[in-house]
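Please keep the structure in view while you read.

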Amino acid sequence: MGPDEMHLRVLRELADEVARPLAIIFEKSWQSGEVPTNWKRGNRTPIFKKGKKEDPENYRPGKSCLTNLVAFYDGVRALVDKGRATDVIYLDLCKAFDTVPHDILVSKLERHGFDGWATWWIRNRLDGRTQRVVVNSSMSKWISVTSGIPQGSVLGLALFNIFVGDMDSGIECTLSKFANDTKLCGVVDTLEGRDTIQRAGSVRLQPRKSTVSWAASKEV
């Protein structure tokens, strides 16, 4: 449950009854351009990832998805089955959702043609957010969230995809991305092919140094 202590099953079971009043509330928020403070609060339940359990950095705030990895694997396997030498570069966008600068995101929304009202509502939705960590029945104090976008929502994923949408601009090799899961792939049978994938990794992606770090690079 979130800070409102309303279980999701309640909303699901009473969907027909609550749909209209919720629609009225959402429409009022949209028309006024204001987002209630309570909507900007969120509980984060850390999920252990790896390493020492006493290190907070070894916990993730939610679940991950393997869809992107499976689809990418099929493409690489097809190349390998044909006997093509293939290089893959795995990119790790560190704390991707948490480090999105609001000003840069808003500027990209404007470039994508979002009108001023929609942009204002989204900015209002992101500014002034607070969160706390919840483990079992223990809760931390509320703290301000100065960057990033909410995870676990349709809007959050859409905003992040817009933020990283131009990552493949000018990239000549294959770039596979789903949220913060990003991989570069290229056939390296020739020197030109090797130069292409190296140029894509070092020239195009490395300057975005706020979030990008190399995780692995190897020949498949």
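A charge is said to sit over a ring if NZ of Lys or CZ of Arg is within 6 Å of the ring centre and within 35 degrees of the ring normal. In this predicted model, Lys53 lies over the face of Phe48, at 5.4 Å from the ring centre. A search of the whole structure also finds three aromatic pairs, and two of these are described below.

**Charges over rings**
- Besides Lys53, which lies over the face of Phe48, there is Lys183, whose charged end sits over the ring of Phe72 at 5.4 Å from its centre.

**The pair of Trp30 and Trp121**
- The ring centres of Trp30 and Trp121 are 5.9 Å apart and the planes stand at 50 degrees, so this pair is tilted.
- Trp30 counts as partly exposed because its relative accessibility is 35%, whereas Trp121, with a relative accessible area of 14%, is buried.

**The pair of Phe97 and Phe160**
- Phe97 and Phe160 form a stacked aromatic pair, with 4.4 Å from centre to centre and 15 degrees between the planes.
- Phe97 lies in the loop between β4 (86-93) and α4 (102-111), while Phe160 lies in helix α6 (residues 154-163), so the pair ties together parts that are 63 residues apart in sequence.
- Phe97 and Phe160 are both buried.

Notes: Residues numbered from 1 in each chain as written. Predicted model: local features only at pLDDT ≥ 70, side-chain atom pairs only at ≥ 80, totals over all residues. Heavy atoms only, no water. Phe/Tyr/Trp six-rings, centres within 6.5 Å; stacked < 30°, edge-to-face > 60°. Buried < 20%, exposed > 50% of the residue type's maximum accessible area, 1.4 Å probe, protein only. Helix = DSSP H or I, 4+ residues; strand = E, 2+ residues; numbered from the N terminus.
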